[in-house]
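The structure comes first, and the reading follows.

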Amino acid sequence: MPCRYDIPRAGILVCVFEGDYTQEETLANFQQGLDDPRAEGGVDVVIDITNSQAVKSPDQFRRVVQELQRHDRFSGRIAVVARAGDPLRYGLARQFAALTSLDGVPMEVCESVSTAQSWLAHQPDDESAPG
């Protein structure tokens, strides 16, 4: 399955994308994760694209962020997992981070799911948060 999600602990929704997938599959994956009863109380989102073959455009990514913002269980922050050794996906993730900041959604690009979860576990104004 190219898209799947998990809620490893309260407040964190991890969406993993592998291989190739469509925009509709992406949106359905986020919707399922946000509708999961374990997401009650709100979640921040980790998007893991380390094993993805798909390359999404800024407009496609922005649509995903806009859909997340419409859901009452989305807490408001996104961490994208992309490896610096994969310049295409890492570079695009950095560009997406700049776009999301324009929409008021803090986003960090991390090289591992654990680093992403650590960043999301800290409050936005916590200076000790990993970056």
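Two strands count as paired if DSSP finds at least two bridges between them. Helices (H or I, at least four residues) and strands (E, at least two) are DSSP runs, numbered from the N terminus. The model is a predicted one, in which local features need pLDDT of at least 70 and side-chain atom pairs count only at pLDDT 80 or more, while totals for chains, interfaces and linings use all residues. Residues are numbered from 1 along each chain as its sequence is written, and side-chain values use heavy atoms, with hydrogens and water left out.

The sheet is open and has five strands in the order β1-β2-β3-β4-β5, with mixed pairing. At its edges stand β1 (3-9) and β5 (107-110), each of which pairs on one side only. Neighbouring strands are turned by 25° against each other on average, direction ignored; for such angles, axes are lines fitted to C-alpha atoms, for helices over the stretch in contact, and angles run from 0 to 180 degrees between N-to-C directions.

Strands β2 and β3 run parallel and are joined by seven bridges. Within this pairing, Leu13 has Val45 as its bridge partner in β3. The chain passes from β2 through α1 to β3 in a right-handed β-α-β crossover. A crossover is called right-handed if, with the strands pointing away from the viewer, the path from the first strand over the helix to the second runs clockwise.

On its other pairing, β3 (residues 43-52) runs parallel to β4 (residues 74-81), with five bridges between them. Val45 is partnered in β4 by Ile78, Val46 stands opposite Ala79, and Asp48 has Val81 as its bridge partner.

How much of β3 and β4 is buried? Buried means under 20% relative accessible area, exposed over 50%, and partly exposed in between (1.4 Å probe, protein chains only). Nine of the ten residues of β3 are buried, so this strand is largely enclosed by the rest of the structure. β4 is mostly covered, with seven of its eight residues buried. In a regular strand the side chains alternate between the two faces of the sheet.

The interior can be described by its nonpolar cores, a core being a set of buried Ala, Val, Leu, Ile, Met, Phe, Trp, Tyr and Cys residues joined through side-chain atoms within 4.5 Å. The largest has 30 residues, and those with the most contacts inside it are Phe30, Ile47, Leu68, Ile78, Val80 and Met107. Two or more residues come from each of β1, β2 (12-19), α1 (23-35), β3, α2 (58-70), β4, α3 and β5. Apart from this core lies another, of ten residues, among them Val14, Ala79, Val81 and Trp119.

Contact means heavy atoms within 4.5 Å. Leaving aside neighbours within four places in sequence, Phe30 is in contact with Leu13, Cys15, Phe17, Val45, Ile47, Val64 and Leu68. Thr26 lies in helix α1 and counts as buried at 6% relative accessibility. Not counting residues up to four places away in sequence, Thr26 touches Cys3, Phe17, Tyr21 and Val64.

Arg89 belongs to helix α3 (residues 87-102). With a relative accessible area of 12%, Arg89 is buried. A polar atom of its side chain lies 2.8 Å from the backbone oxygen of Ser52. Beyond neighbours within four places in sequence, Arg89 contacts Ile49, Ser52, Gln53, Ala54, Val55 and Ala82.

Towards the end of the chain, Gln117 sits in helix α4 (residues 113-121). Gln117 is buried, with a relative accessible area of 14%, and its contacts outside four places in sequence are Pro8, Arg9, Ile12, Val14 and Val46. The C-alpha atoms of Gln117 and Leu13 are separated by 9.3 Å, though the two residues are 104 apart along the chain. In the segment after α4, His122 is partly exposed, at 22% relative accessibility.

Definitions and conventions
A polar contact is a pair of N or O atoms within 3.5 Å; within protein, one must be able to donate a hydrogen and the other to accept it, and residues adjacent in sequence count only if both atoms are side-chain atoms.
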